[in-house]
Every structure is written in C-alpha cells, then in structure tokens.
2 protein chains.
Amino acid sequence: MSEMNKQWLLASRPQGVPTEANFRLVETPVPEPVEGQVLVRHHFMSLDPYMRGRMDDAKSYAASQALDAVMQGGTVGEVVDSRHPGFKAGQMVVGAGGWQQYSLSDGRDLRVVDTGKVPASAWLGSVGMPGVTAWHGLNRIIEPKKGETVVVSAATGAVGSVVGQLAKRKGCRVVGIAGGAEKCRIVTEEYGFDACVDYKAGRLKEDLKAATPDGIDGNFENVGGEVFDAILARMNAFGRVAICGLISGYSGESIPLRNVRSILVNRLLVRGFIVSDDMSSWPPALEELSGLVGSGQLRYRETIAEGIESAPGAFIGLLAGRNIGKQVVRLA
Amino acid sequence: MSEMNKQWLLASRPQGVPTEANFRLVETPVPEPVEGQVLVRHHFMSLDPYMRGRMDDAKSYAASQALDAVMQGGTVGEVVDSRHPGFKAGQMVVGAGGWQQYSLSDGRDLRVVDTGKVPASAWLGSVGMPGVTAWHGLNRIIEPKKGETVVVSAATGAVGSVVGQLAKRKGCRVVGIAGGAEKCRIVTEEYGFDACVDYKAGRLKEDLKAATPDGIDGNFENVGGEVFDAILARMNAFGRVAICGLISGYSGESIPLRNVRSILVNRLLVRGFIVSDDMSSWPPALEELSGLVGSGQLRYRETIAEGIESAPGAFIGLLAGRNIGKQVVRLA
C-alpha cells in the first residue's frame with residue numbers, strides 16, 4: 001500500500017467569513033517524480049491573509065483559487081526524491097506546495113535554504129514572503145530617513161513586526177498600532193518599538209497624537225479604515241504611505257476613507273503594492289533578513305497549528321486575529 | 001494729487017462659501033519705488049481656486065492670507081518705474097502682485113515675459129501656474145505612455161484643458177470629465193479630447209466605462225468625491241493618480257473615498273502635489289507651453305472680468321464653476 005498525501009481542496013467559495021465547510025480534506029497516494037521533477041515532504045505550510053482574497057471569484061491582484069483544487073500557499077520542506085539536476089534528497093527547500101503534506105515541483109518555485117541558523121518555519125515568515133514584503137515597502141516606498149517617525153499598523157503581525165524593527169535600525173522613531181494591551185506589550189518590549197497604540201482602547205486619535213509628537217513621515221498600512229484615517233490626520237508634508245493591506249467593510253468594499261484631503265494638503269505619496277510585483281527586492285531582502293534572524297537581531301513570533309487537519313481552523317483564526325505573529329501549520 | 005491704487009483686502013474670513021462682504025476695497029496712493037524696487041502696473045490679475053484655502057486660518061499647503069492685507073495672487077503687467085538693475089520701464093512681467101492695480105516688488109517674484117506671440121493673460125493660465133501644474137502632474141507623476149488612457153476631471157478648467165491636450169500629444173486616449181453638455185462639447189471639439197463624460201447627466205459610472213474601454217492608466221484628479229471613486233473603479237494595474245484638487249463636503253472635510261481598495265488591488269501610485277514644490281518643472285514646462293500656445297497648437301479659453309471692482313464677484317463665480325477656462329480680471 002502506497003503512502004498517502006492529505007490535501008485540503010477549496011470546496012466552495014465563502015460568503016463573507018470562511019467556514020470549515022468551504023474546505024474539503026482528501027487523501028491521494030504520494031506522487032512519484034518523473035524526469036525533471038522534485039518530490040517535497042512539507043515540514044510547515046504558511047497561512048496568509050491574502051489567501052482569503054483568492055477564495056473569491058472577484059478581480060484581485062492574484063488569480064482566483066480554483067474550486068476542487070488544492071489550496072495554494074507557501075511551504076518549506078525536505079526534498080525526499082529528486083529527478084531534477086538542481087536538487088537532491090535531504091535538501092530543505094522553500095516553495096509553493098500548497099495545503100498538503102507532499103508536493104511535486106518542476107523546481108521553478110523551489111529555493112534551497114539553510115535551516116541551520118534560520119529555523120525552517122522562519123523561511124515562511126520573517127525570512128520569507130512577509131519579511132520581504134516588509135523590507136520592500138519600507139525600503140522601496142517609505143524610504144525613511146534617520147529621525148523620521150514611522151507608524152506601522154498590525155504591528156505584531158508577520159509583516160508589521162519586521163517593518164518596525166527594520167525602521168528602528170535605521171534610526172527612526174517607530175510607533176506600532178495593535179489591538180489589546182498584550183499585543184502592545186509585545187510590540188514595545190519584544191520588538192523594541194518606541195511606542196504602541198492600542199486601537200481597542202477607545203482613544204485612537206488622542207493616543208496616536210501623543211505617540212507621534214513630531215507627526216508621521218512614513219506609514220506602513222496593513223489595516224485601513226479608522227486606523228488609516230487617524231494616521232492620515234497626523235501625516236507630515238511629503239510623507240509616504242505604503243499600502244500593504246486593507247480590511248473590508250460588511251459589503252466587501254473597503255471602509256470609506258475620510259481624510260483624503262491629507263494626500264493633497266500634505267503632498268503625500270500613497271502606493272499600493274504586493275511583493276511579487278518587484279522581484280528585485282527579494283535577494284537583498286533575504287540576505288539582510290536571514291542575517292538578522294540568524295544572529296538574533298530580528299525577533300519574531302509564530303503561532304503554530306499542529307497537523308494538516310488543523311489548517312482551515314487556523315486560517316479562520318488568522319482572519320479573526322487570534323494568532324500572534326506568523327501563522328504556520330506544522331506538517332512533519 | 002497723486003494717482004491712486006485700488007486694492008482688495010481680506011476683511012473677514014468666510015464661513016463656507018465666501019461673499020463680497022469678506023472683501024474690502026481701499027484706495028491708496030500709487031507707491032514710488034526706492035532703490036532696488038520695481039513698480040508694476042497690472043494688466044491682468046489671476047483668480048484661482050487655491051485662494052479659497054488661504055482665506056481660512058487652517059493648516060493647508062500655503063500660509064494663510066492675513067486679514068486686512070491685500071489679497072495675494074498672480075499678476076501680469078508692465079514695469080512703469082524701475083530702480084532695479086534687472087528691470088526697465090516698458091517690460092512686461094509676471095509676478096505675485098495681488099488683487100490691486102499696482103504693486104511694488106524687489107524683483108525676486110518677477111519674470112520678464114514676451115507678450116508678442118503669447119498674450120499677456122495667457123502667462124497667468126496655460127503658460128502660467130495652471131499650465132505648469134498640468135505639465136508637472138502629467139510628466140512627473142502620471143508619466144503616460146503612448147496608447148495609455150488618461151482621464152482628467154474638471155476638463156474645461158485652466159489646468160485640465162492643458163493636461164488633456166498634452167496627453168493627447170503623447171499619443172494617449174484622453175477622456176475628460178466636465179459638468180454639462182456645453183462644457184463637454186468644448187472638451188472634445190475645441191481641446192480635441194477623445195471623449196468627455198458629463199457628470200451631471202446622471203450616468204457617471206456607465207458613461208465612464210463606455211469612454212474607457214481599456215480601463216484607465218493615468219488620472220489627473222481635480223475634483224475628488226464621486227467622480228474620483230468612479231475613476232478608481234476603472235483604474236488598471238500600476239495606474240498613476242496625480243491629485244491636484246479635491247472638493248470638500250459641507251463639513252469642510254473632503255468627501256469620503258469609497259474605492260480605497262483599488263489602490264491596493266491595482267497597486268496604484270497616488271500622489272498629491274502643488275506646483276511650487278518642485279521648481280525644476282517650471283523652465284521645461286514654460287518653454288514647451290509657450291511654444292505650443294504661440295504656435296496655436298495648444299488651445300485655451302478665458303473668462304475675463306472687467307475692472308478691479310469685479311474681482312470678488314468673479315472669484316465667487318469661479319468657486320461656483322461659472323467660468324469656463326482660466327478666470328482673470330482685466331485691470332488695464
């Protein structure tokens with residue numbers, strides 16, 4: 001009897017918040033690589049907010065996730081069989097293996113990584129797509145100068161925590177925005193931000209004003225809505241805003257923005273981006289981030305769900321903000 | 001008895017829409033230049049929407065207009081007396097002489113212009129601040145490529161009409177947005193835009209969709225609100241938005257923006273600007289625009305009010321959209 005590969009398929013498109021019924025677990029035999037292919041056994045799979053957008057059939061920056069196909073997503077794992085000249089058994093590789101225990105690849109999506117100094121799961125977080133997203137938005141859009149004030153929303157997240165620590169290393173005053181006293185404690189005590197505003201405390205405008213006495217020069221925006229409006233009201237002339245994420249209102253549209261006028265009055269640069277648009281950021285970002293994580297100078301948190309079966313529940317929890325830091329699922 | 005200089009002062013700050021009572025006409029003797037000064041007799045003075053913002057005491061990109069001081073603004077006129085080595089009587093100069101018949105200058109704000117091929121009033125419009133604004137937003141922010149679609153709101157205005165004609169010369173499909181059938185006729189027939197959407201016709205979304213079959217790559221935004229939202233919904237990936245003006249709602253804040261999500265999904269560049277931020281655009285812009293106006297290749301319209309006494313009424317009409325093209329006041 002051949003070994004089996006458990007896989008999560010998209011069973012149906014969610015209406016609003018996804019439920020476990022939108023996913024279906026199936027088992028198929030572990031495939032064998034043909035010439036030019038690599039078989040990878042996944043150690044961790046990544047769960048990311050962007051996956052929610054792909055579950056819809058609507059226009060977004062990524063193609064929709066097909067129904068009845070394996071959920072797409074980033075993975076890190078071990079090459080267990082290779083008929084590809086660029087890979088050999090035992091190597092650890094980052095790839096796009098999806099929500100399953102094993103995947104076949106033609107090698108084009110795989111990158112060999114060293115899990116000696118940087119743990120395997122970190123290649124999906126601070127030293128993976130979220131880390132490069134942080135690096136790109138900060139260095140290529142915000143371009144902060146020493147002494148400037150940078151504000152990061154969703155500051156405990158896989159992206160936000162890296163943005164703030166990198167900005168701090170550049171000599172900026174760094175202010176995080178997070179929900180709840182415990183998350184704010186992590187932002188200042190563990191990640192070393194200068195201040196953190198708890199948007200759930202009911203004094204968003206006042207607390208943000210107190211935390212940014214010299215105004216705001218750079219904003220890495222992961223949230224939108226009321227938080228973004230409060231930030232816009234504090235922006236300095238010629239400030240830069242990198243838009244990485246926006247929550248949606250009940251209708252599925254984004255929450256209306258009130259302080260549009262700040263863009264004009266303060267001559268702001270506002271730029272939406274996704275990290276795959278500019279591959280030139282990846283090599284310098286990964287080099288810097290792996291060095292900082294390997295030497296312990298860049299801190300991160302993970303929320304680890306155990307076993308392939310836990311993936312849909314962990315994903316729903318991620319969308320509800322129940323994780324702290326990077327959400328992954330341990331598969332082996 | 002010395003000759004007199006009629007001047008409009010700011011008498012009080014407006015609550016909402018300005019009225020004639022916010023201005024006060026005074027007469028003072030025409031001043032005499034001392035060493036290093038130039039006396040200019042104004043032929044035309046400029047009326048511009050930005051002046052409304054300066055009448056408030058609120059934070060904006062320009063310093064507030066002081067109470068009981070001469071209203072500030074651009075002027076074009078003739079040097080009638082000079083004790084400055086750089087200027088001599090009879091020269092035509094563009095400057096910032098304000099709402100009055102004569103002004104003294106130390107020369108720093110003055111630029112000698114040739115009114116042979118380009119009429120004096122045009123140096124306040126298509127070949128002045130509005131023209132350079134159009135040139136800068138189009139060339140430095142939107143940077144349109146041949147074949148792309150550029151949409152311009154307030155398309156009959158002093159700025160919008162230049163934006164569209166310059167974009168057309170770059171091989172773009174150019175769509176204007178204007179209020180009313182007559183304004184739309186001017187936009188297509190006189191300025192040569194490919195299409196014009198009448199936002200007062202009640203079919204903004206549908207008409208804009210029909211006019212932009214390939215979506216929108218560049219938006220020169222003079223209006224904001226519902227018009228801007230309709231444009232954002234049609235933007236293509238990696239589109240560019242130059243924000244030059246935004247109307248305000250009743251509360252004085254800008255009208256909320258609903259399609260914020262388009263900035264992220266389409267990875268838009270959105271940039272607010274005012275033309276005085278980057279003086280490097282002025283020389284190339286003025287060279288190109290004066291050449292095009294002088295040779296009749298760039299068309300423009302003016303609404304000319306007669307006499308210094310008409311200035312407040314003409315300004316109130318400008319804010320209400322009663323002008324077509326550049327609003328100036330003839331003073332001599």
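In the predicted model, Ala242(A) stands opposite Arg271(A), a residue of strand 13 of chain A. This pairing belongs to the contact between strand 12 (residues 235–243) of chain A and strand 13 of chain A, which run in the parallel sense and are joined over four bridges. Arg271(A) also stands opposite Leu269(B), which lies in strand 13 of chain B. Here the sense is antiparallel, strand 13 (residues 269–272) of chain A pairing with strand 13 of chain B over three bridges.

Through this pairing between the chains, the strands belong to an open sheet of 12 strands, whose order is 10(A)-9(A)-8(A)-11(A)-12(A)-13(A)-13(B)-12(B)-11(B)-8(B)-9(B)-10(B) and whose pairing is mixed. Strand 10 (195–198) of chain A and strand 10 (195–198) of chain B are the edge strands of the sheet, each of them pairing on one side only. On average, and with direction ignored, neighbouring strands of this sheet are turned by 15° against each other. Helix 6 (residues 225–232) of chain B packs on the sheet, where it touches strand 8 (149–153), strand 9 (173–178), strand 11 (216–221) and strand 12 (235–243) of chain B. The direction of helix 6 of chain B makes about 165° with that of strand 11 of chain B.

In total, 26 residues from chain B and 25 residues from chain A take part in the contact. On the side of chain B that touches chain A, the elements giving two or more residues are helix 7 (261–265) and strand 13 (269–272) of chain B. By class, the residues on this side of chain B comprise 14 nonpolar, five polar and seven charged.

Within chain A, two domains are assigned, domain 1 (4–125 + 301–330) and domain 2 (129–276). Their centres, taken over C-alpha atoms, are separated by 29 Å. The contact between them involves nine residues of domain 1 of chain A and 11 residues of domain 2 of chain A. The side of domain 1 of chain A that touches domain 2 of chain A is made up of three nonpolar, four polar and two charged residues.

Helix 2 (residues 129–142) of chain A packs with helix 8 (residues 282–294) of chain A at an angle of about 110°, their axes being 9 Å apart. Because angles of 65 to 115 degrees count as roughly perpendicular, helix 2 of chain A is described as roughly perpendicular to helix 8 of chain A. Helix 2 of chain A contributes Gly131(A), Val132(A), Trp135(A) and His136(A) to the contact, while helix 8 of chain A contributes Trp282(A), Ala285(A), Leu286(A), Glu288(A) and Leu289(A). Of the residues in this contact between helix 2 and helix 8 of chain A, six are nonpolar, two polar and one charged.

In chain B, the axes of helix 2 (residues 129–142) and helix 8 (residues 282–294) come within 9 Å and cross at roughly 110°, which makes helix 2 of chain B roughly perpendicular to helix 8 of chain B. Gly131(B), Val132(B), Trp135(B) and His136(B) of helix 2 of chain B meet Trp282(B), Ala285(B), Leu286(B), Glu288(B) and Leu289(B) of helix 8 of chain B. The contact of helix 2 with helix 8 in chain B holds six nonpolar, two polar and one charged residues.

Note on methods
Residues numbered from 1 in each chain as written. Chains lettered and ligands numbered in written order. Predicted model: local features only at pLDDT ≥ 70, side-chain atom pairs only at ≥ 80, totals over all residues. Contact = placed C-beta atoms within 7 Å. Nonpolar A, V, L, I, M, F, W, Y, C, P; charged D, E, K, R; others polar. Pairing = 2+ DSSP bridges. Domains from an automatic or database assignment. Axes fitted to C-alpha atoms, helices over the stretch in contact; angles between N-to-C directions. Parallel < 35°, antiparallel > 145°, perpendicular 65-115°, else oblique.
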